Amino acid sequence: MRGRLRALAAAAAIVAVAALTGCVAPAGGARIVVARFGNATADPVVVSLTGLTPGEDVVLRATATTTAGTWTSRALYAVPPSGRVDLSSQQPITAPHVRPDAAAPFWSMSGPSLSQSQLQRAWAEGPVQVELTAEQQGARVAVAQVPRTPLSAQSVERVVTVDALASAAVPTSAAAPAGAAVSADQTQALRAGTLFTPLPTLVHPRPGVVLIDGDDDAASGAFAARRIAAIGFPVLLLPAFGPEGQIPGSAALSVEAFDAARAWLARDPGVDPDHIVVYGTGRAAPLALWFAASEPQTVYGAIAASGPTAELCASSSGAPTLLNEGRPVPCASPNSRIADTPILPLNRIPGPLLLACGTADELLPSACDWTRAGADERGARAQGETLIAPGSAHELSAPPMLPIGLDGLPPATAQATEDARVAFWSRVTALLEGAIGP
């Protein structure tokens, strides 16, 4: 939390470039001040209230209107003699969070139960309108409107087919142009993945990311890929289990499919082919680490969170998660002890590696044990590359500020998970920016 407050304090130092939104109620001087450091749904905000009646508690509500429903949050604060409530330093009396947090009205909202595709449409693809209201003695005293642009507005999304990836291995004039993508209405071929390129268009090549999508709810590639593109890096989203159009889970990812995807991305004029990073979370984390450790000549670095650091089988019967020339890649039983399981040789990864876990991971309670084992295998370089987030739940790699993947968690766990998301994406940004060549 201290790191987050420091980051917000630093942001406040450049408040002159932030957009300030507030609306004063006609009957008094109460005001909600929102400092916005970017307009997208995942960009940070700092909320404070001024001009309140001292000694009277204030209720702060947030209501987000999306294409898939409405989300709300409510917090109660005591008003000090100054009439000012600073959410970054003041403890709430009651709230869906337990510690001071300047952005809590946004990420702590709860809403309808939706499918993964509905969540994606609401929080990654559609605009969001947030209304903040302050009430004292049952009367509304201030209102602020905070429009939020979708993550999708910060990148261009293109379908990539199996045939398009295959062209990367054909060095002839018949091959598709470097970086070419095929729209859904131009082909009936299987969809192999999705390319996200930043807006505005890159002038100089930058590190590219192959994101292996395990479809892990709030931490899925639908959100992570757009977040990576939003911070300025091209990303190719590759399903962990075969091309779209097949029965989910019917085909493990193949080494050949990954290699074709990496080679195809490396030909894009906006990508630095010497700095390809592979990303995976949850069940896709060991796949990302396997490729980074096994192909150091073509994969520069890796990012993995909330998953094992060993190549585990998909089931105790030995079902593989990875195929090489049609044969299963050796995998360990998911029932084996960590101490008895071969950890992937992470010391072979030539560039940076980010490993992350939450100590309160409800889906993989051993997540941080796996992370520590991976850090030990990595060696001295693991220092500074490992994020062990105290109290965080499984989905620490979802973009910050979004009220997804937190419903049902205890308030302390939800807040720790949001803090972990801020720390995780700060490190992802630093890793990718550090990989930019001269």
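In this predicted model, helix H3 (116-125) has Gln116, Leu119, Gln120, Ala122, Trp123 and Ala124 as buried residues. The cover over these residues includes strands S5, S6 and S8 and helix H5 (221-230). An α-helix has 3.6 residues a turn, so residues three or four places apart point the same way.

**Helix H3 and the largest core**

- Trp123, one of the buried residues of H3, is also among the residues with the most contacts inside the largest nonpolar core.
- The others named with Trp123 for their contacts in this core are Ile32, Val47, Leu49 and Leu132.
- This core has 42 residues.
- Two or more residues of the core come from each of these strands: S3 (31-36), S4 (45-50), S5 (58-66), S6 (69-77), S8 (128-136) and S9 (139-148).
- Helix H2 (104-107) and helix H3 also give two or more residues each.
- Leaving aside residues up to four places away in sequence, Trp123 touches Thr41, Ala64, Thr66, Trp71, Met109, Val128, Leu151, Phe223, Leu402, Pro403 and Ile404.
- In soluble globular proteins, nonpolar side chains tend to be buried together.

- Six of the six residues of S4 are buried.
- Val45, Val47 and Leu49 point one way from S4, while Val46, Ser48 and Thr50 point the other way.
- In a regular strand the side chains alternate between the two faces of the sheet.
- S4 runs antiparallel to S3, and six bridges join the two strands.
- Within this pairing, Leu49 in S4 stands opposite Ile32.
- S4 is also joined to strand S7 (residues 85-86) by two bridges, again in an antiparallel arrangement.
- There, Ser48 has Asp86 of S7 as its bridge partner.

**The eight-stranded sheet**

- Which strands make up the open sheet of eight, and in what order? The order is S10-S11-S13-S12-S15-S16-S19-S20, and the pairing is mixed.
- Strand S10 (155-161) and strand S20 (386-389) are at the edges with a single partner strand each, so one side of each has no neighbour in the sheet.
- From one strand to the next, the twist averages 15°.
- Strand S12 (residues 206-213) and strand S13 (residues 235-239) run parallel and are joined by five bridges.
- Leu211 is opposite Leu237 in S13.
- H5 packs on this sheet and touches S10, strand S11 (191-198), S12, S13 and strand S15 (271-281).
- The direction of H5 makes about 175° with that of S12.
- H5 is also part of the cover over the buried residues of H3.
- Strands of a sheet pair through backbone hydrogen bonds, either parallel or antiparallel.

**Disulfides**

- How many disulfides does the structure hold? There are two disulfides.
- With bonded cysteines counted along the chain, their pattern is 1-2, 3-4.
- Cys313 is in the loop between strand S16 (301-305) and strand S17 (322-324), whereas Cys331 is in the loop between strand S18 (327-328) and strand S19 (353-358).
- The two cysteines of this pair are 18 residues apart.
- Cys313 has a relative accessible area of 10%, so this residue counts as buried.
- Cys331 is at 26% relative accessibility and therefore counts as partly exposed.
- The other disulfide is formed by Cys357 and Cys368, with sulfur atoms 2.1 Å apart.
- The link of Cys357 and Cys368 is right-handed too, with 110° about the S-S bond.
- Because Cys357 lies in strand S19 and Cys368 in helix H8 (residues 367-378), the pair ties together parts that are eleven residues apart in sequence.
- Cys357 is buried at 0% relative accessibility, and Cys368 is buried at 5%.

**The protein as a whole**

- The secondary structure amounts to nine helices and 20 strands.
- Of the 438 residues in the protein, 53% are buried.
- Among contacts with a separation of 6 or more, 70% are between residues 24 or more positions apart.
- The accessible surface is about 17700 Å², and carbon and sulfur atoms account for 55% of this surface.

Methods. Residues are numbered from 1 along each chain as its sequence is written. This is a predicted model: local features need pLDDT of at least 70, side-chain atom pairs count only at pLDDT 80 or more; totals for chains, interfaces and linings use all residues. Side-chain values use heavy atoms; hydrogens and water are left out. A nonpolar core is a set of buried Ala, Val, Leu, Ile, Met, Phe, Trp, Tyr and Cys residues joined through side-chain atoms within 4.5 Å. Buried means under 20% relative accessible area, exposed over 50%, partly exposed in between (1.4 Å probe, protein chains only). Helices (H or I, at least four residues) and strands (E, at least two) are DSSP runs, numbered from the N terminus. Contact means heavy atoms within 4.5 Å. Accessible areas come from the Shrake-Rupley method with a 1.4 Å probe; for residues, only the protein chains shown count as cover. A disulfide is a pair of cysteine sulfur atoms within 2.5 Å. Two strands pair if DSSP finds at least two bridges between them. Axes are lines fitted to C-alpha atoms, for helices over the stretch in contact, and angles run from 0 to 180 degrees between N-to-C directions.
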